[in-house]
Structures are given as structure tokens and as C-alpha cells.
Amino acid sequence: MKGTNLGEFEELVLLTIAALINDAYSVAICDELEKHTGRSAKLGVVHAVLNRLEEKGLVKSRMGEATSTRGGKRKRYYEVTQAGKVALTQARDVRESLWRIIPGFNLEGSL
Amino acid sequence: MKIAPNSRPASPPRWAQKLLRWYCRPDLLEDLEGDFNEYFERNLKTKGARRARFIYVLDVLKFFRPYTVRKPSFLTFFIHWLMLGSYFKTSRRSLVRNKLFSAINIIGLAVSMSVGLLVIAFLADLFAYDQFHEKKHRTYRLLTRNELADKTVMNFASTSLKAGFKLRETIPGVEDVALIRRGFYSDARVNDETVIPLEATWADGSFFKVFTFPLLKGNPATALNEPYSLVVTEKTARKLFGDADALGKTVRFDTLNYTVTGVLKDIPKLSHLRFEALVSLPSVLGQKADSDGGILDWGNIYQNYVYLTVPENANLQAIQAGLDQLSRAENARLDRQKITLSLQPMDDIVFGGRLSNEIGVSIPTPVAWVLVGLALVVILSACFNYTNLSIARSIRRSREVGIRKIVGALKTHVLGQFMAESVIISVMALVLSFLLFLLLRTQFMALAPQLADVVSLELSPWLLLYFLLLAIGVGLAAGFLPALFFSRLQAVQVLKDASSLRVFRHVNMRKTLIFTQYTFSLIFITTTLIGYKQYRGFLSFDLGFTTENILNIRMQGNKSTLLKKELAEIPAVSQIATSRMITSLGSLYGATLKYKEKDKQDSAKVWINFVDENYLPLHRHRFLAGTNFKNRPTSGNETEVIVNEQVLKRFNLADRNPSKAVGKQVIMDDKPLTIVGVLKDFHYGTMDQKIEPTVFRYSAEESGGYLNVGIQSDDYPAALASIESAWQKIDRVHPLDAKFYDDQIEDAYRQFEVMVKVIGFITFLAICIASMGLFGMVVFTTETRLKEISIRKVMGASEGSLIFQLSKGFLLLLVMAALVALPVTYFFFDQFVLTKFVYHQPIGVSELVISVLVVMALAFLLIGSQTLKAARSNPAKVLKNE
């Protein structure tokens, strides 16, 4: 199923939305991503991913209240859906099961 | 960065915001715009206003992606498509409901569009000229600019043969060069039985390489190489040989035998080169030099044409540089004359403008523009009517629009509906105007016989497509403003109270439209009147000699003395004279006159005519001094010349005293000639030319000229018949070519007659359309103000004051239109048009006054009839209905 296969960046965005809880809107997501990954997250990329996630049904969005900032324009808040949660857990499970079968993982050796 | 509190906070570029709003899907727009704003504010603080703006624009452009771009246009189209049936229905209903207004709209559009159709057909034909040549886009013609010592410049379509040969031999980058010489008029004899006058063109071997005239028989590579080769068109071949195979047959011209080496497919009508046959150029090169000097002289630029093709992407500048170099070298050998050459693309030939010695059809570009302009003005006038009446009557339709909007129509839907309606109406008008076009076409072709020669105006699928495009364009232009008006209506307001609709808000715009219509109508009518007066003036102008009852017979190569003898026996013929050319018709014959006084020699160009001793008395030229020719030699030993006043003036001859000038000697063609008479100035050229030095020399025999026959008779047809039979006795091959001098003068100014007729017709249409529009507006105004009128009447207003009340607005508009139109027309004619004619009639006050009176009277009739009707209505009846 298409919806269950998460790309790396999609997974990050989805996690960020979950982490931001009630304040997950595009600009905040960008900032949060930058803070955690240390690489710049462009609005253009994030916006496209958000749009795709919504199409896949992994997130849903609602419009917030109008404020005096942002030129009076409302924010669109995102929220992870049940399907999104399932996809995130699945992704984590896949990783963990793979981690588990690696015998001795030497971090220093790879550096 | 801190922003000063009193300064306006920086904001994103407006156009970028608009762009975003335009392309972005509505459901994504708001938060996206918000995001951009947030980033903008952030950048404003960290990076400054300029960079923030730049990033904003960049972002807006970057977000133009498949998933953000709106796709509703498809939906609107779909809705329009679904609604088309409904639009048709409502349009039809509204058309039927307002019969008067529909008729004004449709008839106005139809009539004006028929003019547009005519112009389109005319231009389409002109643009189609010469398109059958395969190398048309890389074919050029050599033009010649001839500058004389006295700074007179003439531009010729013709050039010298030498230029052509040199071009071929010395200038690189030229593919093929075709040389053409015209002036082959001779009788073709086949087996001494068939004798047919033939007009041919000399052409050399490269002719078929440059032009695409397919040969049905013969070899294009060799057909024109040998001297005395003849290539005939199919039509000529049939005339000469009937159905027999023409190839290889012999045709005799004068004493020389020519062999037919090819048969051409008939020349397409839309070709600027036209000929009945081609004669190989080597046939003429062998002949001895003619009176103009050697045929291969650099200065022999009047009869030859050079066409060349260049390879694709040729360097035209290099060729032009080569031509310049060539003329520099050759001009060094010329005496007080400078000839320069230039290239003219083949596509420009038909619109080539004014070149002397044009070989075929050529329309000056301004004529094309004037035609387009006239058609445009008339069409616009009809569009104005549509716009005006639709907006004026918008109350009726506003409820419909209101309902449509309430059930969900968007602005664009209403806009589309009304645009569709006007297009439907204009396409309906197109059907009518197409019929009118078919009628107009024959009338237009009959305007001047030359027109039928130039264009065919035949229908083709492309032409019909252009017609349809015109109708759609007209529909969109006419319907745009009303559609915009309707689309902006507020549904709630309209449905609550239609009268609150501010129809009169657009009064100024409507007044402007009416004002424009009437200004143009007035300009047109004054133009027609002034033009007509000028034209009549040209015809009745005192030329300085008489042209009455003089019949000019073209000799066509026959001995004039022979015909003279025959004609002398006809009782109706009172006088017979001979002349080389007919003056005052536009053709000019130049010569050089030298005058020597006290070792000082002066020479100048003079116009010349060769006549016999009867010519001057017959035309009643007035002698200021001296007499007619006394020495009347039969062959070239003339010793006398008769001059006009301008010659004395130009050479300051005998202190400009006519009686002293008689007896002085001048030199022409290296012959000493004595002045025996001085004539009063007369018009040798047409009205656009000044009277210049002109001389008459003696010649008893002019087989290439004319016989001028004075006729005194009560029965002209009988006199003409006897002249015809006299002609038959001396020439059985050529039909008699005889025209009355007065008719010839009329022909010479035919273009003005055509112009006056065309503009007159357009004027008529413009006035009709403007009047219809005005009528519509008056009917509407009186209808809407009927109650007001009734109340005024009840209160005691008289009929006269009511009519004044109702019509003063319109009349004021007309007065304003007159105040603009008359000075504009006067100034235009006075400063630009009439200055081109040295001898013209003054612009009279009468033309201006008459035009205003005509238009005013017509308008007053329209306004008066309607307002009178309204003023006479019974107020009780009107008011009872409330």
C-alpha cells in the first residue's frame, strides 16, 4: 500500500508534527526541523511534503484563528491521523527489527 | 533593522502578491500567503527590506508548481458550455423583445462589417500577390534613385541593363540575376495570315531561375538564350496558332523572324509581372543604339528591370555595399547626375509606394492604411451603438442578471454570457453583411476599371475564416463594456429595487461615444464635400488652352498623314492636328534646352511636345508674342521652337520680355532653334505639378503619337462612325483608339473620383450608423422620462419647452462634435492634403457649413420626431398607470 511507505524526509516531517502537538504549522515545522536536524529546511520542500502527506491521509489539517501577524492570514495546523501513527510505528518497528539482528554494532569502527 | 515609527512599514511587492493570488489554488492560498508574510517579516528584521522583498518574489515564483496551480478554468469552460443553451435562449428572447434596438444593432453591425469584409478581401488579394514564386522570400528587385544637378530626385522601379550585368559579374553573394526590358509592342504575323498586336517583355536566360512561371513546353534553361527566341503564354499561343503545337513555329515581327521556344502556363492574376509573351533579351542587345543613348548605358534607367535571388541567410549589406561601389565608379563618368541603387524585397513590390516606371500593380501603403482606417471607424461606430444601447437598456436585463447571480453565477459567468451574446449577434450580422458584401463587391469593382485588373476579390476558405474572425472580434469589442457592466451588478440591490440601479452613472461614457461618432461623421462629410469640390475644380480648371470637342486618336504606328487625308473628307471634322503626346494627363516628355548669352551657357530640363502647325490654333493656345511655326519641314530639319513664359523666366531670356525673346536662338539636341513664338503659361502636367518651362517643336509626322481632331457636329455618334471607317481603311489590325480630350482629363483624375466616391459612401454609412445610434438613445431617453414629461406637462410646461428640455443634451453634443470636427478637417486639408496640389480650389466656408447643417438637420429630425411624440402624449394616460 502506497500510504504505508514513508520516505526519510516524510518520516521526519511526520515526527515533527507529532512533536509540535498543537502548534504544528508550516513555518514552525520548518524551524523545528532545522533545530533538530541541523540542516536548513526550505518551506518549498516542507510544503510539498505536507501536501503529499495529507493526500496520503497520514495527516489532516485545519485552519486556525486569524491574528494580526502574518498579514491577517490564518495558519493551517497539521495533526497526525491514525493512519499516520500506524505508518510511524511501522517504520520504527522495521528499524528496530533490523537493529536487533545486527550482532555487535561498533560505532567507533565506522568512524 | 529598525523601521522609523513614522515611515510606512515595508510590505511585499504588490504584483507578486497578485500573481500568487492569481495562480494559487484557493484552498492553499490563505495559509501559503500567511507563510510568505511570516517569512517576509522575519527577513525584514534580519536582512533588510530589499532582500526580504526579493526573497518574497523568489518564493512566489518557486511555488508555481503543479500542485499549487489552480485548475478551475476547465470548470468555468464546462459551465459556459452547459449554459450555452440558456444564453442562446435569453439572448433570443431579449432580441425579440426589443425589436427596434435589435434592428439598430444588427443592421448597424452588418452594414459596417460589410465594409470591413471588403477591405479584408481587398488586402488579402494584395498580400497574395506574387506568392506563387518558389523563391519569393529571397527575391529582390533593383531600385534606382536618380538625382540631378538641380537636386530633383526621382525614384524608379526600373534600372539600367548595365547595373544588372555588373551585378551578375562583379558582386558576390548573389544567386541569379534576371534582366527584363519592357516596351515590345509589335504586330505578330504568322504565315502572313494571322496578324495580332502583341505586348511582350524582353527577358534573359535567368528569367526562369528567378521566377516560377512554369513552362508547359520547351526547356526553361535554354528557351531565352538565343536571339529571336519567343516564349508565349498558353493564351497567346492559342491566339496565334489555334490548337496547333506552338513549339518551333515561326512568328514574324516587322521584318524579323522569331522562333517559339517555349509555351508558358498562363500567368496567375495576382502577379505584378504581366506579359503576353517573352522575347529573348539577346534579340534587342544586337540592335543599334536608340535616341536615349546606348541600350547598355549606365544612364539608360527607364525601361529595364533587374530581379535577383540570393541564397538563404545572404548578407544583404555586402550586396548593397557592392552596389554602392558600383554606382560610385559609374557615376564618375556621368555629367551632373547621380544614380544610386538599392534592393527591394519582392514582398514589398505591391505595397511599394510611389515609384516611377512601375512595371505592374503597385498600391501605395497609405492607401491601404486609409482603407483600413475608414473601415475601422465605421465598425467602431456600430460597436459604439451596441455598447450604448445595451448599457442604456440595462434595467431590463438587470433582473435576469440578479437571478443568475443568486443561483450561483460568478462574475466571469455573467461576463461570458454577455460576451457570448454580443458575439452571437455579430455573427448573425455577419450573415447579413456577407450578402451586402457580395453586392458591394460588384459596385466596388465597377468604381474604376483598373480595380478589376488589380484584384479579384474572390472568396476562399481562408477569406471566410478571416470574415468569421472579424465578426467574433467585433462582437467581443462591442460586447465588452456592457458585459463588464452587467458582471459588476450587485444581485441583492438589483432585485430589491431595479430603479436604484445607476444607469445614468455611465452617462458621460455614453455621451463620449455619441460625440465621437458625430465627430467622425462630420469629418467624413466635410472631407467628401471638400474632395468633391476639388475634383470638380480639376475638371473645370482653366488649363490655358481648350480641350472641348477635341478627339485624340492614337496612331498606333500608322502614318498620320495618311489618316489626315482620310479624315479631311469627313464634314464633321473641322481641324486636324498632330502631336507626339497629350498634355495635362500626367505623362511628361523631358528634354534639355541650352541657351547661350555672352559666352555664358545655361542649360536646364524643359518639358516638350512635338506638334504640327495646326496644333496650337486647334487648342487655342494664346500667343503673347510671335507666331506659329513658319518653317514646316516634312523631315527632321526643323529650325523653330515655341516656348512658354516659364522658359523666359528660367533662362532670364531677353529680360523676360516676350516680344524681345522672339528671334533668339536656343540649342536642343545639338540643333540651333529660333524662338518664333512665346505662349502664355499653360498646364503641361497635372494639378499637383507646377507650371514649368515647356517648349513646342515642329513635327509633321508622328506615327507613335496622336492625331488631334476638332469635331463640329450635332451628331457625334455618326461623326465617330465615319472616323472609325476612315481608320479601318488605313489599319485593319488595330481597333480605333479615339477618346475625347475632356474624357481623358476625367480619366486622369479618375483616382480622385474613386476616392470621393469611396469616402462619400463611407460617409453615408457613418452618418446612417450614427443616426441610428442617436435615434435609439433618443427613444430610450424619452421612454424613461415619459413620466417626468407628463408631470411637467401637468404643471403647465409648453410643448416647445418640453422639446427643448429633451433635446438640449443631444444638440449640445452635436455642437461640440462640430466644434472639434470642423477645425480638425480644415487644418488637415489646409496643411497636409491641399499643399500637395499646387493648383487647387480654396476650402470654402460653404462646405463646412453645409456639412454641419446636413448632420444637424438629420439629428434634429430624429430627436424632434421622438420628443414631439413624447411631448404630445396625454399625461393623464401615462400617470394613471402608476
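**Salt bridges, charge and cysteines in a predicted model**

A salt bridge joins the side chains of B:Lys217 and B:Asp245, with an N to O distance of 3.3 Å. The two residues belong to distant parts of the chain, 28 residues apart: B:Lys217 is in strand β5 (residues 215-217) of chain B, and B:Asp245 is in the loop between α8 (234-241) and β7 (250-253) of chain B. B:Lys217 counts as partly exposed because its relative accessibility is 36%. B:Asp245 is also partly exposed, at 41% relative accessibility. These values, like the others reported here, were computed from a predicted model.

A search of the whole structure found 42 salt bridges over all chains. One of them, in chain A, is formed by A:Arg52 and A:Glu10, whose closest N and O atoms are 3.0 Å apart. A:Arg52 lies in helix α3 (residues 43-56) of chain A and A:Glu10 in helix α1 (residues 8-20) of chain A, so this pair ties together parts that are 42 residues apart in sequence. A:Arg52 is partly exposed, with a relative accessibility of 39%, whereas A:Glu10 is buried, with a relative accessible area of 7%.

Helix α1 of chain A also holds A:Glu11. A:Glu11 forms a salt bridge with A:Arg95, the closest N and O atoms being 2.6 Å apart. Because A:Arg95 lies in helix α4 (residues 82-101) of chain A, the pair ties together parts that are 84 residues apart in sequence. A:Glu11 is buried, at a relative accessible area of 10%, while A:Arg95 is partly exposed, at 43% relative accessibility.

Chain A, in which these two pairs occur, has five helices and two strands. From the N terminus on, the order of the elements is α-α-α-β-β-α-α. The C-alpha trace of chain A spans about 55 × 35 × 20 Å along its principal axes. Of the 111 residues in chain A, 38% are buried.

In chain B, salt bridges also occur as a network, which links B:Arg397, B:Glu400, B:Arg404 and B:Glu421. A patch of positive charge was found on the surface as well, where B:Lys89, B:Arg92, B:Arg93, B:Arg97 and B:Arg396 gather. Helix α4 (residues 72-97) of chain B gives the most to this positive patch, with four residues. B:Lys89 is found in helix α4 of chain B. With a relative accessibility of 45%, B:Lys89 counts as partly exposed.

The structure holds zero disulfides over all chains. B:Cys383 is in no disulfide, and the nearest cysteine sulfur, that of B:Cys768, is 17 Å away. The cut-off for a disulfide is a pair of cysteine sulfur atoms within 2.5 Å. The sulfur of B:Cys768 likewise has that of B:Cys383 as the closest cysteine sulfur, and the 17 Å between them is too far for a bond. The two cysteines also fall in separate accessibility classes: B:Cys383 counts as buried, at 4% relative accessibility, and B:Cys768 counts as partly exposed, at 31%.

Definitions and conventions
Residues are numbered from 1 along each chain as its sequence is written. Chains are lettered from A and ligands numbered from 1 in the order in which they are written. This is a predicted model: local features need pLDDT of at least 70, side-chain atom pairs count only at pLDDT 80 or more; totals for chains, interfaces and linings use all residues. Side-chain values use heavy atoms; hydrogens and water are left out. Buried means under 20% relative accessible area, exposed over 50%, partly exposed in between (1.4 Å probe, protein chains only). Patches are made of residues with over 30% relative accessible area and no salt bridge: like charges are joined within 9 Å, nonpolar side chains (Val, Leu, Ile, Met, Phe, Trp, Tyr) within 5 Å. Accessible areas come from the Shrake-Rupley method with a 1.4 Å probe; for residues, only the protein chains shown count as cover. A salt bridge is a side-chain nitrogen of Lys or Arg within 4 Å of a carboxyl oxygen of Asp or Glu. Lys and Arg count as positive and Asp and Glu as negative; His and the chain ends are not counted. The place of a charge is taken as NZ of Lys, CZ of Arg, CG of Asp or CD of Glu.
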